[in-house]
Amino acid sequence: MPLQFIGIDPNTGDHESPTIWVDQENQELVLQGWKPDADLEAECAGFELPGHAKGIPEHEAVIRIPARMVPVIREACDAVERANGVH
């Protein structure tokens, strides 16, 4: 599964590097972000929506991505859509 690097947080320092890749084969965005604090994770886990039970499944994670990365996220979405023939 070769990943296509899309971008990294423009404010990246030595120890912080939220990053976005695209997995073209699986048509997925792959995100690296900051771990949430316990309060945020609990808040996310507390939501109960139609088709979505409370809690965070063991195989999933909550991450934080800075809003300044919206252009990079858009670029990743565009890359997936181009590969899938969506315009």
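1. Start with Glu16: this residue counts as partly exposed because its relative accessibility is 42% (buried is under 20% relative accessible area, exposed is over 50%, and partly exposed is in between, with a 1.4 Å probe and protein chains only). Glu16 sits in the loop between β1 and β2. Glu16 and Trp34 are 18 residues apart in sequence, with their C-alpha atoms 8.1 Å apart in space.

2. A word on what you're looking at. This is a predicted model, where local features need pLDDT of at least 70 and side-chain atom pairs count only at pLDDT 80 or more, while totals for chains, interfaces and linings use all residues. Numbering runs from 1 along each chain as its sequence is written, and side-chain values use heavy atoms, leaving out hydrogens and water.

3. Now the sheet. It's an open one, with 3 strands in the order β1-β2-β3 and antiparallel pairing (strands are DSSP runs of E, at least two residues; helices are H or I runs, at least four; both are numbered from the N terminus). Two strands pair if DSSP finds at least two bridges between them. β1 (4–8) and β3 (28–32) are the edge strands, each pairing on one side only. Between β1 and β2 there are 4 bridges, and Gly7 has Ile20 in β2 as its bridge partner.

4. Which residues make up the largest nonpolar core? The 8 are Ile6, Ile20, Val22, Met69, Val72, Ala76, Ala79 and Val80 (such a core is a set of buried Ala, Val, Leu, Ile, Met, Phe, Trp, Tyr and Cys residues joined through side-chain atoms within 4.5 Å).
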